[in-house]
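Please look over the chain below.

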Protein chains: 2
Amino acid sequence: MAVSIAHLGPAGTYTEVAALNLAHMLQEQGETEIQRIACSTIDQTLYCVDRGDADWAIVPVENSIGGSVPITLDTLWQLENLTIHHALVLPIAHGLLSHSPDLSQIRSVASHPQALAQCRIWLDTHLPQAERIPMNSTTEILTQLPDDQELAAIASPRAAQLHQIPVKAHPINDNLENCTRFWAINRQPLTQGSRTSLVFSTYANVPGALVKILQAFAERRINMSRIESRPTQKSLGDYLFFIDIEDNANSANVRAALESITDIAENLRVLGSYDLIPLQANSHADP
Amino acid sequence: MAVSIAHLGPAGTYTEVAALNLAHMLQEQGETEIQRIACSTIDQTLYCVDRGDADWAIVPVENSIGGSVPITLDTLWQLENLTIHHALVLPIAHGLLSHSPDLSQIRSVASHPQALAQCRIWLDTHLPQAERIPMNSTTEILTQLPDDQELAAIASPRAAQLHQIPVKAHPINDNLENCTRFWAINRQPLTQGSRTSLVFSTYANVPGALVKILQAFAERRINMSRIESRPTQKSLGDYLFFIDIEDNANSANVRAALESITDIAENLRVLGSYDLIPLQANSHADP
């Protein structure tokens, strides 16, 4: 039986590079046949695994410059069968891809909004005249580049190679410490791992509920490495909180903390326990 | 002397509707001549006031469905001369605008990514075949609609009227309780108001620093109505925290709380104190 991994496509996205790394990990665990499924949006990637059409989903969660990826949090929260099993951290180095002979002839630059944001200073300096066009992925525009020399894209060198487009500049991200964290998600139950992601809302009638919940972890010396709020989509001011803590969900400490907040945390759910796996920028990037 | 208000354009954006409401408020305070300046992006709106090219900026902060607007937080944090003076809450009701005679002929729908997200279920149900195209604003695409009957936009009924485009369906947002909160910002010092927005990061070497900071407000019975994290853009896992509290920055309680956290909160800054002003969906929407 082949194992399948759903990821944001088309070919050449950073998410695909993360998926290739997951494929390599699964091969090392003895899987011989691994199939990749390119999805058109991040939410479709998760729905694909929820429906059972793929075994794994790889989705971006957070970039060190652009911040969190809201669609990942909003979709995962709704799909209760899904659990996070790994977090992969990929260094990001963007290139400017174009068939234009000269930077000065480029009239527009298209890419995912986070990639455009991550190269803002470089674009302001080198292409102040160019319009910036947001796309669903870093690679969606690439098929149009051969027909339009005034168009450029921001994408990975791997995407340039796959689509045979010249790289005019690299790296062009303003901050060279740029990393994206991806979650590897499937339908299996909770496993081992030194970090845990949780989601909850707070009962509106409990004043200071969020502080009390965070305190429940702090007083047990469980470090919180991240907090993110998202609207519950009911009314302005109602939030879901996504927190990451540095311990396994089944440890005695975490179980005691979770037990102590059942009265104040609504819709509490453990999204998964996992380890952080640092990747190399170009590791396993050849399909 | 005319008073000028910078806002996201082109004409017909929801931000412009909020700007028209601010103009009305200023007129009631005795300003006779008010000029509006349409900017192409949200960060340009804030830079415009920071440079002194406009007196006020109106920027979206948060939508009840889409969540926070990262570019507003990331830009405001960097511009230390700017202070928030009002928060305006505008109900949002999106329309589907198109010259297409029939929904079935629509091949693509273009709008701001938050507007597309807010109508996702409606689009999945009524236009499952249509590609979704993200734009910089809800109104940027409107000038292209007369030339392409297969193209639709999601925008306000006011934008439809300004551009003389038929509204094929309204409201199409999935949640009818959809509201956006805007901040009205200028270069004047801190003023009155029952809410305060703060930003800070935490010293990396203080474990549990965030919880201690929130505790400083909670133990003085200062309610926190919102917390948002944004990357410091240094490395993955370093955050700025934006919090809203329900008290004036100059109250004895808030001053004591701020005093008590100077050792654990880095880059602490009060962004402003202000009142929440609820607007009507169509108030003062005629320029």
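Two strands count as paired if DSSP finds at least two bridges between them. The model shown here is predicted.

**The sheet**

Start with one pair. Strand S7 of chain A covers residues 108-111. It is joined to S8(A) by 4 bridges, and the two strands run parallel. Within S8(A), A:Ile133 is the residue that stands opposite A:Ala110.

Now widen the view. S7 and S8 belong to an open sheet of 5 strands in chain A. The order is S8-S7-S9-S6-S10, with mixed pairing. Which strands are the edge strands? They are strand S8 (131-134) and strand S10 (167-169) of chain A, each pairing on one side only. From one strand to the next, the twist averages 35°. In general, strands of a sheet pair through backbone hydrogen bonds, either parallel or antiparallel.

Take domain 1 and domain 3 of chain A. How many residues does each give to the contact? Domain 1 gives 11 residues and domain 3 gives 12 residues.

Look at the side of domain 1 that touches domain 3. Helix H3 (70-78) and strand S5 (83-91) of chain A are the elements that give two or more residues to this side. H3(A) supplies the largest share, 5 residues. By kind, the residues of this side of domain 1 divide into 7 nonpolar, 3 polar and 1 charged.

Definitions and conventions
Residues are numbered from 1 along each chain as its sequence is written. Chains are lettered from A and ligands numbered from 1 in the order in which they are written. This is a predicted model: local features need pLDDT of at least 70, side-chain atom pairs count only at pLDDT 80 or more; totals for chains, interfaces and linings use all residues. Axes are lines fitted to C-alpha atoms, for helices over the stretch in contact, and angles run from 0 to 180 degrees between N-to-C directions. Two residues are in contact if their C-beta atoms, placed from the backbone, lie within 7 Å. Ala, Val, Leu, Ile, Met, Phe, Trp, Tyr, Cys and Pro count as nonpolar, Asp, Glu, Lys and Arg as charged, and the others, Gly among them, as polar.
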